[in-house]
Amino acid sequence: MDNGGRTPMTGAASPLVLQTVGITPFELSLFVFVLITAVLTALFTDVLASIVIFAAYSLGLSIIYTFYHAPDVGLTEAAIGAGITTVFLLLTIAKTSRPTSDDRFESIDWPAVGICTVFVLVVGSTLSAFPSVGDPGSPILTNTDVTGYYLQTAYDETGAENAVTAVLAAYRGFDTFGEAIVVFAAGVASLLVLGREVFTT
Amino acid sequence: MSTDRDDTDGVARQRPMYTESQVIMTTVKIVVPFVLTYGLFITFHGTGSPGGGFQGGALVASVVLMIAFAFGIESTRQSLANRLVVGLGTIGVLIFGGIALVPLALGGNFLEYTEYYPVLGSTLGLKQYEFVKYGMEAVEIGGIAFIVAGVLMGLFFLLAAGVTPPAADESAGAAPLSEVTATEDDQDD
């Protein structure tokens with residue numbers, strides 16, 4: 001592996017480069033866990049069981065993000081996906097009644113499974129076009145116009161050690177402003193839809 | 001988990017949603033200070049370590065959620081003023097918008113932190129790039145974290161309305177039960 005040509009780049013991205021190309025047993029078990037929980041979420045008749053398994057799915061996903069050096073995304077997935085979404089879903093089903101069926105699993109709708117399989121195959125056919133994980137020749141590491149610019153200049157221009165925050169709050173601050181307003185609008189819209197004037201009393 | 005399945009019979013469960021549990025209350029009492037500290041840490045160190053206002057704000061909001069689960073949603077609702085929840089969200093928007101718009105008035109671009117340098121540089125004794133750093137932190141802490149924490153708390157109490165018995169006017173939550181069971185029965189076959 002020849003890294004001589006791109007010293008500043010590989011310096012910033014060395015954790016990625018050190019990652020062995022290929023799949024380790026740990027990654028494999030995480031992927032299998034996420035796959036199984038995803039399928040079980042759809043299969044369980046009891047909505048409460050589905051929600052609990054969905055939380056486990058989010059937790060597995062957040063570990064995968066963290067494992068692939070995206071701790072910002074992992075934190076968000078753990079806090080929002082596994083934590084707060086689960087609570088919101090639980091609150092929602094608390095207002096409904098459970099189905100009286102005694103079956104533990106839903107009966108499988110084979111035409112739907114067929115469509116899902118076709119969809120997975122279509123999406124999966126693009127997989128070979130992706131670079132391997134940790135491939136030093138992948139566009140994200142060789143594209144000096146965008147990624148390289150942020151990694152090289154973010155600290156000098158913003159003083160932020162976390163380049164993700166530098167991009168979110170400085171370079172792409174306008175987008176983040178829009179996102180924050182969307183969150184605010186979600187709160188206002190919920191008040192409107194539920195016909196209430198106050199969140200608490 | 002499935003103890004009340006037989007007696008539902010298409011009618012809402014009569015089991016109270018809140019049961020006072022020593023285990024949950026003790027756990028929450030121990031965990032809450034650490035989660036709150038971690039949430040604030042993530043918020044305040046967004047520029048130096050993973051995380052930021054969004055994740056930190058969500059963690060701070062989850063503290064309220066945990067307390068509500070352990071000590072009862074209605075009692076938590078009563079001790080948390082609506083003014084605080086709404087205030088967090090709106091003040092967040094005002095801070096973020098204010099920090100973003102002032103550079104426009106100074107002749108720069110939207111959210112151009114360095115525009116503050118000629119005005120405040122000598123007063124605060126900061127270098128130009130430091131205005132970007134502290135501007136980002138102000139946006140993360142005073143803007144995003146406030147908005148996310150406020151809105152998530154608010155959504156929680158909105159969704160929780162009617163789950164627990166009291167609050168007189170909240171009996172509307174039980175109305176559409178017959179429709180729900182009907183559609184679910186349809187899916188079963």
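Colleague: What share of the contacts in chain B with a separation of 6 or more comes from residues 24 or more positions apart?

Modeller: In this predicted model, residues 24 or more positions apart account for 66% of those contacts in chain B, where a contact requires C-beta atoms within 7 Å. For chain A, 53% of the contacts between residues at least 6 apart in sequence join residues at least 24 apart.

Colleague: How do you know which secondary structure classes are present in the two chains?

Modeller: The assignment for chain B comes to 7 helices and 0 strands, so that its elements, read along the sequence, follow the pattern α-α-α-α-α-α-α. Chain A comes to 9 helices and 0 strands, and it is divided into domain 1 (21-107) and domain 2 (143-201), with the C-alpha centres of these two domains lying 25 Å apart.

Colleague: What makes B:Leu111 count as buried or exposed?

Modeller: The criterion for a buried residue is 20 or more other C-beta atoms within 10 Å; B:Leu111 has 25, and is therefore buried. This residue is placed in the loop between α4 and α5 (116-124) of chain B, and its phi is near 65°, a positive value in a residue other than glycine. Across chain B, buried residues make up 37% of the 189 residues.

Colleague: And why is A:His69 called partly exposed?

Modeller: A:His69 has 15 other C-beta atoms within 10 Å, and because a residue is exposed at 12 or fewer and buried at 20 or more, the count for A:His69 falls in between and the label is partly exposed. A:His69 is found in the loop between α3 (47-67) and α4 (71-94) of chain A, and has a positive phi of about 60° although it is not a glycine. In chain A, buried residues make up 20% of the 201 residues.

Colleague: Turning to the contact between the chains, which element gives the most to the side of chain B that touches chain A?

Modeller: The contact takes 66 residues from chain B and 49 residues from chain A. On the side of chain B, the elements that give two or more residues are α2 (53-71), α3 (73-79), α4 (82-105), α6 (128-160) and α7 (177-188), and α6(B) gives the most, with 20 residues. By class, that side of chain B has 39 nonpolar, 18 polar and 9 charged residues.

Colleague: Why is α9(A) called roughly parallel to α6(B)?

Modeller: The axes of helix α9 (residues 173-194) of chain A and α6(B) come within 9 Å and cross at roughly 20°. Angles under 35 degrees count as roughly parallel, and therefore α9(A) is roughly parallel to α6(B). The crossing of these two helices is left-handed.

Colleague: Which residues meet where α9(A) and α6(B) come together, and how do they divide by class?

Modeller: From α9(A), the residues include A:Val183, A:Phe184, A:Gly187 and A:Leu191, while those from α6(B) include B:Ile144, B:Ile147, B:Val151 and B:Leu155.

Technical notes: Residues are numbered from 1 along each chain as its sequence is written. Chains are lettered from A and ligands numbered from 1 in the order in which they are written. This is a predicted model: local features need pLDDT of at least 70, side-chain atom pairs count only at pLDDT 80 or more; totals for chains, interfaces and linings use all residues. Domain bounds come from an automatic or database domain assignment. Two residues are in contact if their C-beta atoms, placed from the backbone, lie within 7 Å. Helices (H or I, at least four residues) and strands (E, at least two) are DSSP runs, numbered from the N terminus. Ala, Val, Leu, Ile, Met, Phe, Trp, Tyr, Cys and Pro count as nonpolar, Asp, Glu, Lys and Arg as charged, and the others, Gly among them, as polar. Axes are lines fitted to C-alpha atoms, for helices over the stretch in contact, and angles run from 0 to 180 degrees between N-to-C directions. Angles under 35 degrees count as roughly parallel, over 145 as roughly antiparallel, 65 to 115 as roughly perpendicular and the rest as oblique. A crossing is left-handed if the near helix is turned anticlockwise from the far one by less than a right angle, and right-handed if clockwise.
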